[in-house]
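Please look through the sequence and the structure first.

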Amino acid sequence: MAALRRVAPPRAYTLLDETIDLLRQSQPAPPWLDAAIVPVRALRAVDVWDSERILFVEYGTHTLLAQILATGGTMVEKLYLLQSGAAEAWDRTREPGEVPMPLEEVPIDEALADLAGLLRHTDMIWPRHDDEDYVDLRALAWARSRAHLPEWPEFEPLAEGKRAELIEAFVGRTTDSAAYRRLADLFLDYGDGYLNNRPLGWSPNAVAIFLADWLPRKAFLDADDRLALPDALRGWLRFALERRGVADEWITPVTAAVDMWLPQFEHAVDDETSWGPAKQIAAELQSRGVDPRDSDAVGEVIGRLNAERLANRLRGPSGGSSR
């Protein structure tokens, strides 16, 4: 019961405290029951792309470690309970050639607030109830960090002036064409909405998600856009990472991911079943010659589309009634 009290949410404290008080009247309490568990040091390692970070929170007798992935949405990937001083072995565990993740000491409150906010986001957006690497220590991590839970961050989109400045700088060093400008706008949409280090924090995994999932599902590219995409994306990645000060040897793996994932994009972009609703509507408007700025015409097309889809479902796969 005392161990459960250590990891319980605050709403359960009263009941558990009353139960523990009753039990103490008839049996000895564990020696650690009233001992405070106080963090003594926190450290953080972040890769050069800001796509992964490791948090170490030391408690004197043990260390709580959280691995955080930040590609296409931030989540706590794994939690570990390690021996005291585990952070000291961090550099020795890194293999030659691995992306740099230098370790630095950070304020304890900052680290625990980071952990609490990420646990909340993971539980709400990326729940993994069957993942032992997360579930086994989830309650403990929450108990240690809950008091530091920050307010929900307010999302502020990239200012139009900054967006225009980045696009001008990009086309100024690459190709100033309508296709490059349209694509740069899409790169910024993805970077501002999904990258951890908004809007320029690209990594190999970010390129993979962008090409294999987000772009074919969200964007409608014309022939010029599709032709320009490979070179424009490589140019954007180098432009973005150089502005962030990433060394050339760590820009190369990011640009190389374009060739790796382009076939996935080519396959998905023509598969209408993978398109998101907004893209499906945009394609339908284009095929019917409807001006997307004409709200009445757009509403009429959407109404027809919905009616057609309902009729298709009612007819069933054989073409007859599904009833």
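The questions and answers below concern confidence, charge pairs, surface patches, backbone geometry and distances.

Q: Which element of the protein has the highest mean pLDDT, and which the lowest?
A: This is a predicted model, and the protein averages a pLDDT of 86, with 86% of the residues scoring at least 70. Where pLDDT is low, the predicted coordinates should not be read in detail. Among the elements of the protein, the highest mean, 97, belongs to α9, and the lowest, 60, to helix α11 (residues 277-287).

Q: How many residues apart in sequence are the parts that Arg41 and Glu88 tie together?
A: A search of the whole structure finds 23 salt bridges, and one of them joins Arg41 to Glu88, with the closest N and O atoms 2.4 Å apart. Arg41 belongs to strand β1 (residues 41-46), whereas Glu88 sits in the loop between β4 (74-83) and α3 (90-93), so the parts tied together by this pair are separated in sequence by 47 residues.

Q: Which helices are tied together by the pair of Asp185 and Arg163, and is Arg163 buried or exposed?
A: The two side chains form a salt bridge in which the closest N and O atoms are 2.7 Å apart. Because Asp185 lies in helix α7 (residues 178-194) and Arg163 in helix α6 (residues 160-173), the pair links parts that are 22 residues apart in sequence. Asp185 is partly exposed at a relative accessible area of 31%. For Arg163 the relative accessible area is 11%, under the 20% limit, and Arg163 is therefore buried, while the helices tied together are α7 and α6.

Q: What is the N to O distance in the salt bridge between Asp248 and Arg238?
A: Asp248 is in helix α10 (residues 248-269) and Arg238 in helix α9 (residues 223-243), so the pair ties together parts that are ten residues apart in sequence. Asp248 counts as partly exposed at 44% relative accessibility, and Arg238 also counts as partly exposed, at 24%. Their side chains meet with an N to O distance of 2.6 Å.

Q: Which residues gather in the patch of negative charge on the surface?
A: One of the members is Asp133, which lies in helix α5 (residues 132-145). With a relative accessible area of 35%, Asp133 is partly exposed, and this value is over the 30% that a patch residue needs. The negative patch gathers Asp130, Glu132, Asp133 and Asp136.

Q: What accessible area do Met124, Ile125, Trp126 and Trp152 have together?
A: Trp152 is placed in the loop between α5 and α6, and at 47% relative accessibility Trp152 counts as partly exposed. These four residues form a nonpolar patch on the surface, and their accessible area together is about 440 Å².

Q: What is the omega of the cis peptide bond between Arg198 and Pro199?
A: Pro199 is found in the loop between α7 and α8 (204-218). The peptide bond that joins Arg198 to Pro199 is cis, and its omega is about -10 degrees.

Q: Which residue has a positive phi although it is not a glycine?
A: The residue in question is placed in the loop between β1 and β2 (52-58), and at 17% relative accessibility it counts as buried. Its phi is about 60 degrees, and the residue is Asp50.

Q: How far apart in space are the C-alpha atoms of Asp34 and Ala2?
A: Asp34 is in the loop between α2 (13-24) and β1, and its relative accessible area of 63% makes it exposed. Although 32 residues separate Asp34 from Ala2 in sequence, their C-alpha atoms are 9.6 Å apart.

Q: What is the C-alpha to C-alpha distance between Arg5 and Leu33?
A: Arg5 lies in helix α1 (residues 2-7) and is partly exposed, with a relative accessible area of 22%. Arg5 and Leu33 are 28 residues apart in sequence, and the distance between their C-alpha atoms is 9.5 Å.

Terms used:
Residues numbered from 1 in each chain as written. Predicted model: local features only at pLDDT ≥ 70, side-chain atom pairs only at ≥ 80, totals over all residues. Heavy atoms only, no water. Patch = residues over 30% accessible without salt bridge, like charges linked within 9 Å, V, L, I, M, F, W, Y side chains within 5 Å. Areas by Shrake-Rupley, 256 points an atom, 1.4 Å probe, with all protein chains shown as cover. Lys, Arg positive; Asp, Glu negative; His and termini not counted. Charge placed at Lys NZ, Arg CZ, Asp CG, Glu CD. Helix = DSSP H or I, 4+ residues; strand = E, 2+ residues; numbered from the N terminus. Buried < 20%, exposed > 50% of the residue type's maximum accessible area, 1.4 Å probe, protein only. pLDDT = per-residue confidence, 0-100.
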